[in-house]
Amino acid sequence: MTTQFTADDVVPHSGQMSLLSEITGFGDDWLSAAIDITPNTLFADENGVPAWVGLEYMAQAIGAFAGTQERLEGRAPKLGFLLGSRKYSSPVEYFALGQRIEVKVTKNMEAENGLCAFDCELKGQAIAIEASLNIFQPEDANTFLRNAQQ
């Protein structure tokens, strides 16, 4: 698609919690993005960023995909919830400083009740990680959260 969005346009996170550096492409059922690992990257220490943060990179890319779809329909991005993951295993303990991580998410299932499943990939220097993430995106997250607390 030719429309360009920034992560800030489509992810309902802000400031340091917005972890995607840029949206690199998207289509009807996929999105790709990049994360630049720098000393200022959230969660970074002298070793880089712990590899478990890759799950959040995948989840934010899914949020960016959903936000992109909402923006294309003239609506604001909605909040979603990560329910679980399958098969996330990293060959490294840390994503090294100076590295650029590419993330791609592809929707493989969407139910009418807001449940979705995505196939996800992270690629970078000596990194090829795949996982499946399950997401729930209610129509109204505030109402959902209020009802969940009762």
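Where is the place of Phe 144?

1. Phe 144 sits in helix α3, residues 141-149; helices are DSSP runs of H or I with at least four residues, strands are runs of E with at least two, and both are numbered from the N terminus. The model is predicted: local features need pLDDT of at least 70, side-chain atom pairs count only at pLDDT 80 or more, and totals for chains, interfaces and linings use all residues. Residues are numbered from 1 along each chain as its sequence is written, and side-chain values use heavy atoms, without hydrogens and water.

2. Phe 144 is partly exposed, at 32% relative accessibility (buried is under 20% relative accessible area, exposed over 50%, partly exposed in between; 1.4 Å probe, protein chains only).

3. Leu 79, Phe 144 and Leu 145 make a nonpolar surface patch of about 210 Å².

4. There are eight salt bridges in the structure (a side-chain nitrogen of Lys or Arg within 4 Å of a carboxyl oxygen of Asp or Glu). One of them pairs Glu 22 with Arg 100, with the closest N and O atoms 2.1 Å apart. Glu 22 belongs to strand β1 (residues 22-26) and Arg 100 to strand β6 (residues 100-110), so the pair ties together parts 78 residues apart in sequence. Glu 22 is partly exposed at 35%, and Arg 100 is partly exposed at 32%.

5. Glu 70 and Arg 75 form a salt bridge with closest N and O atoms 2.6 Å apart. Glu 70 is buried at 7%, whereas Arg 75 is partly exposed at 42%.

6. Lys 107 bridges to Glu 110, again with closest N and O atoms 2.6 Å apart. Lys 107 is partly exposed at 23%; Glu 110 is exposed at 52%. Salt bridges with shared partners join Glu 22, Asp 36, Arg 100 and Glu 102 into one network.

Notes. Patch = residues over 30% accessible without salt bridge, like charges linked within 9 Å, V, L, I, M, F, W, Y side chains within 5 Å. Areas by Shrake-Rupley, 256 points an atom, 1.4 Å probe, with all protein chains shown as cover.
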